[in-house]
Amino acid sequence: MSKQLYELGEKPPLGEVPEKMHAWLIRPERFGKPTEAFQKEVVNTPSIADDEVLVYVMAAGINYNNVWAGLGIPVNVIAARNKGGEPEDFHIGGSDASGIVYKVGKDVTNVKVGDEVVMHCGQYSRNCEWVKKGGDPMYSPTFKIWGYETNYGSFAQFTRVQAQQCMPKPKHMNWEESAAYTLVAATAWRMLHGWGASSIKKGDVVLIWGGAGGLGSMAIQIAKAVGATSVAMVSGEDKFDYCMKLGAKGCINRNDFDHWGMLPHWKDNAGYAKWLKGVRSFGAKIWEVLGEKRAPNIVFEHPGETTIPTSIFVCETGGMVVVCAGTTGYNATVDLRYLWMRQKRLQGSHFANTEQSNQMNELALRGQLDPCMSRAFTYEELPIAHQLMHDNKHPHGNMSVLIGSTGFGLGASGKPPVAMVHPTLPKGDVHTTPAPYPMSVPLPSIAEGEALTIADDGSKVRDLMHRGIISCTPDDTVGSVAKIMVDKEIHAVVVMDEQGMAVGVVSQTDMVLARQGRTPDQARAMLAREVMTPGCATCDADMLLSDAVSLLTARRMHRLVVTEKDQPVGVLSMTDVVRKIIGE
Ligand code: NAP
């Protein structure tokens, strides 16, 4: 008679599935830091559907998404699944793994019991109409990330996956190496190969952000395999050797430049000129590294907010900036002139479909993809591995944890088809990356998105606004507008046309920007219409103050013109709001 539960490392006879299994569980009542959120428990081994496979997990890859699952933010993944009808009150994470097939559903044809496999993390319903019609499963409303959005991931003796997720394990890799690369490598594959005419080609130049990181190290190797030339971005020269051994032609230390961040406003002549100088010298550095004056055909993006303006600027005419994350922030500022005049493409990308994951895995099977595993942990250390990530103290590269494997370095049964250099990261190199958001946070659709409720005490705009409008005409000079500002001690003047309609606002910032590159006399002689910020955001005096604040922050404005019966009657400024906050 078979055992009900096998101890860790005690492999059940092939094909025998015990009723229970050991697993690391997250439960809502202990949401918090990883060392508290993850607890060892024994649970029922999951059953499988006709298109599913039960895999005995040998090693699991560690990703940031299960730090978030443990914290319970920004999504309570357990509650989300309960809402969708799944009864389990726990989460078993893990979105990367290597293991052995122990059971297959009746419709499964691509794997059989005993196969050694690695798994990609893309799940979708085979009954989805879009998928049935041949649509890319990545666009299916049923698409989910296994082990984050779904239960029964790889942090357990057995994991439940769809058959289409299983791919052959590279024989030359051990269990922990083969569990480390799939998520990042498949993501990088789609980013570079998934976009039609813009996809990577032999001879292309690719600029790769975070070349020593999880995605970047895969992108360098994928570019090399296709015969493209890559330039890797890193934060220190000690990582140059690592990226070059992976196949980069050269590297750039991003700390040699300081023009990063959101774009200065295009009206800000001085700020924009400084940014332009910075980005041009960065472009020249790319030429220097390449040894020729060529711009990147593809920019491989994930830092987001701080780097996107540069990525779009340096990208070749007709080229593509492809982005899968916004690790430094989500507001990508784009100077549209460069985008449309040079006909560049800003392309979003998320994980990869089955076909792309398998194409990537071919590279691994051929020995052309180093998994870049920086550290492997024991089963007991699984929460610690996540805690290091949580605290940003984990090493660069990809990390794994042993599950069924009884020791490090086991499971390789062949030599790599081609000789591989295993580059090592500089000693003591740990992350400085801000904690990235989970790779898949369900975004609310328009229909289901809930409006955020902002705490409010019922105050109306009329309770805080300043009555009376201090205005000028479009033809008043900047000199006279400045005098009004100084005399009345105000920060902005509303520009009204002959019909009494507010057509714009001249703010102190507009005045300062008008002075740039001009003599005081020239600046004073300019007209309000030339320097004003056109358009005028208005709100009704009866609007809730909290709604007005949302309007101000969403549009990054400092003031609203307040109307009554559509006539301007006053101004609500951010200063008024700040005064209320501090109780003045
Ligand atoms: P990682 O291993 O932490 O690497 C990120 C790299 O970014 C680091 O190596 C770092 O390198 C660089 N970096 C940090 N701060 C930077 C800054 N201010 N400017 C420029 N570069 C900076 O992470 P990863 O695994 O490559 O993942 C990167 C992002 O992609 C994460 O946000 C992750 O969640 C997301 N992701 C998305 C998907 C998807 O399907 N959508 C899949 C996988 C990952 P240096 O310090 O050396 O420059």
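This is a predicted model: local features need pLDDT of at least 70, side-chain atom pairs count only at pLDDT 80 or more; totals for chains, interfaces and linings use all residues.
Visitor: Why is Glu 86 called partly exposed?

Guide: Its relative accessibility is 29%. Partly exposed runs between the buried limit of under 20% and the exposed limit of over 50%.

Visitor: What makes Arg 81 count as buried?

Guide: Arg 81 has a relative accessibility of 6%. Buried means under 20%, so the label holds.

Visitor: How do you know that Arg 81 and Glu 86 form a salt bridge?

Guide: Their side chains meet at 4.0 Å, N to O. The cut-off is within 4 Å, from a side-chain nitrogen of Lys or Arg to a carboxyl oxygen of Asp or Glu. The pair therefore passes. Side chains of opposite charge can pair when their charged atoms come close.

Visitor: How many salt bridges are found in the whole structure?

Guide: The search finds 26. Lys 106 with Asp 107 is among them, with closest N and O atoms 3.4 Å apart. Asp 107 also pairs with Arg 126, at 2.9 Å. Both distances are within 4 Å, so both pairs qualify.

Visitor: What does the pair of Asp 107 and Arg 126 tie together?

Guide: Asp 107 lies in the loop between β4 (97–104) and β5 (116–119). Arg 126 lies in the loop between β6 (122–123) and α4 (129–132). The pair therefore ties together parts that are 19 residues apart in sequence.

Visitor: Which residues do salt bridges with shared partners join into one network?

Guide: Asp 50, Asp 51, Lys 106, Asp 107 and Arg 126.

Visitor: How do you know which members of the pairs are exposed and which are partly exposed?

Guide: Set each value against the limits. Lys 106 is at 67%, over 50%, so it is exposed. Asp 107 is at 35% and counts as partly exposed. Arg 126 is partly exposed too, at 40%.

Visitor: Why is Asp 51 called buried?

Guide: Its relative accessibility is 18%. That is under 20%, so Asp 51 counts as buried. It sits in the loop between β2 (38–44) and β3 (52–62). Beyond its neighbours within four places in sequence, Asp 51 is in contact with Val 108, Arg 126, Gln 162 and Ala 163.

Visitor: What makes Ala 37 buried?

Guide: Its relative accessibility is 0%, under the 20% limit, so the call is plain. Ala 37 is in helix α1 (residues 34–37). Setting aside residues up to four places away in sequence, Ala 37 touches Leu 25, Ile 26, Arg 27, Arg 30, Gly 32 and Gly 70.

Visitor: How far apart in space are Ala 37 and Leu 336?

Guide: They are 45 Å apart, C-alpha to C-alpha. In sequence the separation is 299 residues.

Visitor: What makes the nonpolar surface patch that includes Leu 336?

Guide: Leu 336, Trp 340 and Met 341 make it, with an area of about 380 Å². Trp 340 lies in helix α11 (residues 336–341).

Visitor: How do you know that Trp 340 is exposed?

Guide: Its relative accessible area is 55%. Exposed means over 50%, so Trp 340 qualifies. A patch residue needs over 30%, so Trp 340 clears that limit as well.

Visitor: Why is Arg 254 called partly exposed?

Guide: Its relative accessible area is 36%, between 20% and 50%, so it belongs in the middle class. Arg 254 is in the loop between β12 (250–253) and α9 (269–290).

Visitor: What does Arg 254 touch, leaving out residues up to four places away in sequence?

Guide: Met 233, Val 234, Ser 235, Trp 260 and Thr 432. The C-alpha atoms of Arg 254 and Val 234 are 6.0 Å apart, while the two residues are 20 apart in sequence.

Visitor: What percentage of the residues in the chain is buried?

Guide: Buried residues make up 52% of the 584. The chain has 20 helices and 25 strands. Its C-alpha trace spans about 95 × 60 × 50 Å along the principal axes.

Visitor: What share of contacts between residues at least 6 apart joins residues at least 24 apart?

Guide: The share is 70%.

Visitor: How many positive and negative side chains does the chain have?

Guide: It has 58 positive and 63 negative. The centres of the two sets lie 5 Å apart. The chain exposes about 26,800 Å², and carbon and sulfur atoms supply 54% of that.

Note on methods: Residues are numbered from 1 along each chain as its sequence is written. Side-chain values use heavy atoms; hydrogens and water are left out. Patches are made of residues with over 30% relative accessible area and no salt bridge: like charges are joined within 9 Å, nonpolar side chains (Val, Leu, Ile, Met, Phe, Trp, Tyr) within 5 Å. Accessible areas come from the Shrake-Rupley method with a 1.4 Å probe; for residues, only the protein chains shown count as cover. Helices (H or I, at least four residues) and strands (E, at least two) are DSSP runs, numbered from the N terminus. Buried means under 20% relative accessible area, exposed over 50%, partly exposed in between (1.4 Å probe, protein chains only). Contact means heavy atoms within 4.5 Å. Lys and Arg count as positive and Asp and Glu as negative; His and the chain ends are not counted. The place of a charge is taken as NZ of Lys, CZ of Arg, CG of Asp or CD of Glu.
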